[in-house]
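I opened the notebook to log what I looked up in this structure. The entries follow in the order I made them.

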Amino acid sequence: MSTVQQPEPGDRPARLAVGVVGAGRVGPALAASLQLAGHRPVALSGVSDTSRRRAEAMLPGIPLVPPAEVLQRADLVLLTVPDDALPGLVTGLAETGAVRPGQLLVHTSGRYGAKVLDPALRAGALPLALHPAMTFTGTPVDVQRLAGCSFGVTAPEELRLAAEALVIEMGGEPEWISEENRPLYHAALALGANHLVTLVAQSMELLRTAGVEAPDRMLGPLLGAALDNALRSGDAALTGPVMRGDAGTVAAHVTELRRHAPQAVDGYLAMARATADRALAHGLLKPELAEDLLGVLANGSDGSDGTDGTNGTEGNAR
């Protein structure tokens, strides 16, 4: 159940004609959710065959037209293009006169706040940055996942209520992000979500190499519990050989990774160092055990397996 106070009727946006520029995974899902709230999708733009098929599946019957025509037809325009393409798109639309005064122009980039829309603002548009903190598949399940999804919201103060009302109508939870904090906000989400996919995919590949027939079934309960514990307890949820200071076990991991998956070694070492630093800072890793562990991690970066000398397997006896 949403914890956000529902807007008063006077704060709700009027029923709007909705257009989408960039029919990737995000735009059609947001337009479909706005349609469920009573708004009216009227036009989309998309170039690839995949975009066209996705638009037809998510918003059947809505015409695909050039971006300038989308703006001509719509009261609310969703700019759902890649981050790097957004500034040029906004500038081009403003310079060609496609932007209409009073038009709501919404981008969904996590990186940018509202200032990237300044060219359109000077043309009379109403700028909103509404970034859904969600991963999208390009299928109708995305609309369901918006229920309870947090949105990073940045907009001029006078448009704050309208921005938050749109998010709530899409089933989301608005979270106000200042203009200057948008890059940090986006980096935090990428660190948590995008890198998680890479880690899980690597883990499944290694389990298959180790002979596990159903790595997804093995990892599901483990990763679900780890995520739940981390969200509830933060660093106190740390477990495993790094937190315990098991230098011998970590050295054995590095040796096996070099043998079977050398492309995963650098990521393992980087995450192990970050884990050790956090465990030390929070008193979870005993300083007397950290020296051997950090030695293994340092040796691992120069190709040594760390299983001799002071970084030997004594830690395995714990």
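Where is the place of Glu 56? I found Glu 56 in helix α2, residues 49-58. For the assignments I used DSSP runs, helices being H or I of at least four residues and strands E of at least two, numbered from the N terminus.

Two notes on the source before going on. I am working from a predicted model, in which local features need pLDDT of at least 70 and side-chain atom pairs count only at pLDDT 80 or more, while totals for chains, interfaces and linings use all residues. Residues are numbered from 1 along each chain as its sequence is written, and side-chain values use heavy atoms, with hydrogens and water left out.

**Glu 56, continued.** The classes are buried under 20% relative accessible area, exposed over 50% and partly exposed in between, with a 1.4 Å probe and protein chains only. I also checked Glu 56 against Pro 28, which is 28 residues away along the chain; their C-alpha atoms are separated by 9.2 Å.

**Whole protein.** I counted 13 helices and 7 strands. Of the 318 residues, 41% are buried. Among contacts with a separation of 6 or more, 62% come from residues 24 or more positions apart. A contact means heavy atoms within 4.5 Å.

**Sheet.** In what order do the 7 strands stand? I read an open sheet, β2-β1-β3-β4-β5-β6-β7, with mixed pairing. β2 (40-45) and β7 (173-176) are at the edges with a single partner strand each, so one side of each has no neighbour in the sheet. From one strand to the next the twist averages 25 degrees. Strands count as paired if DSSP finds at least two bridges between them. As a reminder to myself, strands of a sheet pair through backbone hydrogen bonds, either parallel or antiparallel.

I then went through some of the pairs. β1 and β2 are parallel, over 5 bridges, and Gly 19 stands opposite Ala 43 of β2. Although β2 is an edge strand, 5 of its 6 residues are buried.

β5 (residues 126-132) pairs with β4 in the parallel sense over 4 bridges. Leu 104 is opposite Leu 126 of β5, and His 107 has Ala 129 as its bridge partner there. With β6, β5 pairs in the antiparallel sense, over 4 bridges; in that pair His 131 faces Gly 152. Because 6 of the 7 residues of β5 are buried, the strand is largely enclosed by the rest of the structure.

**Helix α1.** Is α1 enclosed or open? In helix α1 (residues 26-36), 8 of the 11 residues are buried, so the rest of the structure largely encloses the helix. The buried residues include Gly 27, Pro 28, Leu 30 and Leu 34. α1 lies across β1 (17-21), β2, β3 (76-79), β5 and β6 (150-154), and runs at about 150 degrees to β3. That angle is taken between N-to-C directions on a scale from 0 to 180 degrees, using axes fitted to C-alpha atoms, for helices over the stretch in contact. Gly 38 follows α1, with a positive phi near 105 degrees.

**Ser 109.** I located Ser 109 in the loop between β4 (104-107) and α5 (118-122). Ser 109 is buried, at 4% relative accessible area. A polar atom of its side chain lies 3.3 Å from the backbone nitrogen of Tyr 112. Neighbours within four places in sequence aside, Ser 109 is in contact with Asp 83, Leu 86, His 131 and Arg 182.

α9 (residues 215-233) has 19 residues and reaches 26 Å from first C-alpha to last, close to the expected 27 Å. The expected span is 1.5 Å times one less than the number of residues. Gly 234 follows α9, and its phi is positive, near 60 degrees.

The 14 residues of α11 (residues 247-260) should span 20 Å, and the end C-alpha atoms are 20 Å apart, which agrees. Among its buried residues I noted Ala 247, Val 250, Val 254 and Leu 257. The buried residues of α11 pack against α8 (182-209), α10 (241-244), α12 (265-281) and α13 (287-300).

How values were computed. Polar contact = N/O pair within 3.5 Å; in protein donor to acceptor, adjacent residues only side chain to side chain.
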